[in-house]
Amino acid sequence: METREILKKICEASYGGAGDSETKRVITKLIQGICDSIRTDALGNLICTLNENGEGNTVLSAHMDKIGMTVTGIDKLTGMLKIDRVGGVDIRVLPAARVKVLGEKTLYGCITSTPPHLARGDKGTALPITELYVDCGLSYEEISEIVSVGDRIEYSSPVVPLSGDRLSGAYMDNSAGCTAVIKAMARLREDGFKGKVTAVFTVGEETGKGGAQTSFTALSPDFALITDVSFGTAPGIPPESSSPLSSGAMICISPILPKSVSDRLMSIASENGIPHTAEVMGSRTMTDSDVAVITGTGVPTGLISIPLLNMHTPVETLDIKDVEAVASVLYFAVRGE
């Protein structure tokens, strides 16, 4: 399956929570036939192993959870939903955003926006999320039959092609990382790789990284590679803290991560002609790798990221070639080439 098709399927699948999400079902279907065993642990992490009895114990991981919102109440006068955020939602872009509410059935709605003529105070200041509402066009009585407090809300923003190899839409973070892991696992399978390698699609990265902690503790890998997104270069974003779209894989160099692993990943990319840049961090990476590397007695861990524009908004934008570059680094790193 083409990379962009895999990415689109994962991006547009609803997450809704760790226990029983459409995202997990879509990823499971995509990786069936690649891995020998597929299971879900108690927290909801999806664990997919190739060559269960093979040598070694390598893990490739990407988080499958998504940012979003949750229903905190229903306004009795209007039927509109009161909301709060789940993960790092950018509240600046919420007014007038299109969303889907994952109740007893999926409802589509929009986040209410005060007309600029009636806005109070500084018209350029983002309202607190507790002052925003979701309008699904239903009365209180009607929506109360479908939606409950605690139901999830997500952006309704399909993936659309831009020029060349660029795509834009909601939930590239971290559908792109999941796509790269699936592509690397498929290539390992096709090439007859005999070692044991496990793909872990974690939950909870956006809300504390609990999924990585539990899954890595259980698996106790001897080597791990984490894939996520990072900052693409754009106006207002320091070039030393970002990489341009179309520049390939971003290989992290951080005091949190073993330098030997980062150096090896840089060498692998260079030796195999894979476009890449160095992503230098002075402290934590704010990804699952911060947890993976200190699991048990320690796990040699590398972080490889995909440059992304407009992070945590409905119009996240990337270059599909960067996703494929990350998949290639994962593949060669597992093969030891």
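A crossing of two helices is right-handed if the near helix is turned clockwise from the far one by less than a right angle. The views below show a predicted model.

**View 1. The crossing of helices α4 and α8.** Helix α4 spans residues 172–190 and helix α8 spans residues 320–335. Their axes come within 8 Å and cross at roughly 45°, which means that α4 is oblique to α8. The crossing of α4 past α8 is right-handed.

**View 2. Residues in the contact of α4 with α8.**

**View 3. The largest nonpolar core.** This core contains 60 residues. Those with the most contacts inside it are L60, I182, M185, F201, I304 and L330. Helix α8 supplies the largest share of the core, 11 residues. A second, separate core has 24 residues, including M69, L81, L107 and I143. In soluble globular proteins, nonpolar side chains tend to be buried together.

**View 4. The surroundings of M185.** Neighbours within four places in sequence are left aside here. The remaining contacts of M185 are I34, C35, C48, L50, L60, V197, T198 and A199.

**View 5. P244 in the loop between β13 and β14.** Strand β13 covers 223–231, and strand β14 covers 249–253. P244 has a relative accessible area of 42% and is therefore partly exposed. Apart from neighbours within four places in sequence, P244 is in contact with T233 and P307. The C-alpha atoms of P244 and I306 are separated by 9.9 Å, although these residues lie 62 residues apart along the chain.

Note on methods: Residues are numbered from 1 along each chain as its sequence is written. This is a predicted model: local features need pLDDT of at least 70, side-chain atom pairs count only at pLDDT 80 or more; totals for chains, interfaces and linings use all residues. Side-chain values use heavy atoms; hydrogens and water are left out. Axes are lines fitted to C-alpha atoms, for helices over the stretch in contact, and angles run from 0 to 180 degrees between N-to-C directions. Helices (H or I, at least four residues) and strands (E, at least two) are DSSP runs, numbered from the N terminus. Angles under 35 degrees count as roughly parallel, over 145 as roughly antiparallel, 65 to 115 as roughly perpendicular and the rest as oblique. Contact means heavy atoms within 4.5 Å. A nonpolar core is a set of buried Ala, Val, Leu, Ile, Met, Phe, Trp, Tyr and Cys residues joined through side-chain atoms within 4.5 Å. Buried means under 20% relative accessible area, exposed over 50%, partly exposed in between (1.4 Å probe, protein chains only).
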